[in-house]
Amino acid sequence: MNNGADYRQDFDILKSGEYVYFDNAATSQRPRQVLEAVSDFYRTANANPLRGLYDWSMAATEAYENARKKTAAFIGALSAEEIIFTRNTTESINLVAYSYGLNNVEEGDEIVITVMEHHSNMLPWQMVAKKKGASLIYLEPAEDGTITKEEYVSKITKKTKIVAIGHVSNVFGVTNPVKEITAYAHEMGAVVVVDGAQSTPHMAVDVRKLGCDFFAFSGHKMLSPMGIGALYGRRELLENMEPFLTGGEMIEYVTRTEATYAELPHKFEAGTVNAGDAVGLSAAIDYITNVGFDEIIRREEHLTTLLMEGMNKLPYIKIFGSEDPKKHCGIVTFIMDGVHPHDMASVLNDDNICIRAGHHCAQPLMQFIGAGSTARASVYFYNTEREVEIFLDRLSKVREVMGYGA
Amino acid sequence: MELKQLYREIVNEHNLHPVHKKKIENPDLVLRGVNPSCGDDITLSLKLENGIITDGGYEGSGCAISQASVDMMVDQIVGKNKEEAIRLAGTFMGMIKGEITDEECLEELDEAAALQDVAHMPARVKCAVLGWHTMQEMLEHPEKAGEIRQQN
């Protein structure tokens, strides 16, 4: 494999090579092509989209709607109307929880999620369960992070109204059997919501092949600006849902007491939209498509293999999840004997190495695996073998810094 | 001070070989302090006689900075009266927030002043102040830490 220099030329923040950025599961970096697309939008086509009758506004509308079409194609949606732009995965899931969950879940019903969900795919369902008097049921993973068929078949029942599941865990990096779970949940009559925040940057997603009813993801983990995300929803579900937010740009007629709402997708996009960052997301999709998921996966698997092989040589490191680097989606979560993850991250920061430490917005999972907090190194396609070498070298020196001898 | 140097010269000693990480006999005040975001969790015990802190100890777990900071703090406050201890907590927290930089003022904190550079690490501020915050809370609001006193 080449050393990744080709890609790094596009990322000003990475070019100098002074920092090793291994916190890609939290947010990716953005290439110049994305930043320029956003800047070009504001410099050449800036007007309030969707309403104007003049050239600039029409250009802004076109740019925004083209971004929607590209996003739909990127995840295999049947039509652009099934794509709602949001701020991020969290907002997308909240939209489903408030507009679908609160209106379709009744007392005594069950909502099934997994214990490895990010808080963004957990708290909205806690809210719905509490408000409606429903039960929240947790699927628990095996030691290697996988959800077995036995587990989901025993917990998804005719009482289940919603199954909400992360496509890829942000802690284990494991890819959940979303397609199989969805098929079973549909047999039981439940609707399936997929949190795609950690999968969309790393693998080709096809929502129709997955069969899910809703799919949420963020732009910022896949080279886009922060503040733009999307929700895919099956048309017939979206059409029957109440708006999440109300106000401008989402109406047909308004009287003093009543309003009728706009068609999809605008019904769910109240207020002036984030067209600039939608254009950024569109440029990010172009960039990712040019690199290609085969190449992205090949590079990530190679780097993750080097990372895990090197870490396995350090007897005081414990890695969570599968032993197979190909089942980590670039995410390696670990602990170091005797060293708190926050101290580890601070010491590595002295060496210009960026990793995450803490509970990764998944406190119930931390409780489940019996760790107060963990450290996480996560790579993306633009990382290099050299960076992995630097990381492993500095990591092997942390315990000495923390007073455990050489 | 570079962070690694801070660990090597000050923090590690208190973290790996703490002097005050122990139960004390018949404490008058006991209070738990927790940083939920990072899992630092300490229970601080103090013994007071005529308003003077005569003994102190802590138990718990957490990052090296949180543990070392509370160990150094107990060093500083044993022998001081309640008001002095509260005042020192104010100085320490002012230092960590970067509001107090006067060296003479910081001298009072003795070894604990070594944590001054944590002011430049916003994510670690909570770790450094956990012990001091807990101590201030139990002295200013003994009702929150008073159950033990009644039991004894």
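## A walk through the two chains

Let us start with one helix, α4 of chain A, whose buried residues are Ala60, Ala63, Tyr64, Ala67, Arg68, Lys70, Thr71, Ala72 and Phe74 of chain A. Keep in mind as you look at them that this is a predicted model.

What do these buried residues of α4(A) pack against? Their partners in chain A are two helices, α3 (32–44) and α11 (275–291), and two strands, β2 (83–86) and β8 (229–233). The spacing of buried residues along a helix is worth a thought here. An α-helix has 3.6 residues a turn, so residues three or four places apart point the same way.

Helix α4 of chain A runs over residues 55–74, and its 20 residues should span 28 Å at 1.5 Å a residue. Just after α4(A) comes Gly76 of chain A, with a positive phi of about 80 degrees.

Now step back to chain A as a whole. Its domain assignment gives domain 1, made of 5–22 + 292–404, and domain 2, covering 34–288. Taken over C-alpha atoms, the centres of these two domains of chain A are 29 Å apart. Where they touch, domain 1 of chain A brings 19 residues to the contact and domain 2 of chain A brings 20. On the domain 1 side, the elements giving two or more residues are α12 (293–312), β12 (331–336) and α14 (363–369) of chain A. Which of these elements gives the most? That is α12(A), with four residues. By class, this side of domain 1 of chain A has 11 nonpolar residues, six polar and two charged.

In soluble globular proteins, nonpolar side chains tend to be buried together. The largest nonpolar core here has 88 residues, and those with the most contacts inside it are Met344 and Val398 of chain A and Met135 of chain B. Why does this core lie between domain 1 and domain 2 of chain A? It does so because both domains give residues to it. To see some of the packing, find Val398 of chain A: leaving aside residues up to four places away in sequence, Val398 touches Met336, Val339, Met344, Val347 and Leu348 of chain A. Another core lies apart from this one and has 75 residues, including Phe41, Ile83, Val191 and Val205 of chain A.

Let us turn to chain B, which has six helices and three strands. Along the sequence they follow the pattern α-β-β-β-α-α-α-α-α. The radius of gyration of chain B is 15 Å, close to the 15 Å that the globule rule gives for 152 residues, so chain B is as compact as a globular protein of that length. Its C-alpha trace spans about 45 × 30 × 25 Å along the principal axes. Of the 152 residues in chain B, 43% are buried. If you take the contacts in chain B between residues at least 6 apart in sequence, 61% of them join residues at least 24 apart.

Finally, see how the two chains meet. Chain B gives 17 residues to the contact and chain A gives 12. On the chain B side, α1 (3–16) and α2 (64–77) are the elements that give two or more residues, and α1(B) has the largest share, six residues. This side of chain B holds nine nonpolar, four polar and four charged residues.

Definitions and conventions:
Residues numbered from 1 in each chain as written. Chains lettered and ligands numbered in written order. Predicted model: local features only at pLDDT ≥ 70, side-chain atom pairs only at ≥ 80, totals over all residues. Expected span 1.5 Å × (residues − 1). Buried ≥ 20, exposed ≤ 12 C-beta atoms within 10 Å, placed from the backbone. Contact = placed C-beta atoms within 7 Å. Domains from an automatic or database assignment. Nonpolar A, V, L, I, M, F, W, Y, C, P; charged D, E, K, R; others polar. Core = buried A, V, L, I, M, F, W, Y, C linked by C-beta atoms within 7 Å. Rg over C-alpha atoms; globule rule 2.2 N^0.38 Å.
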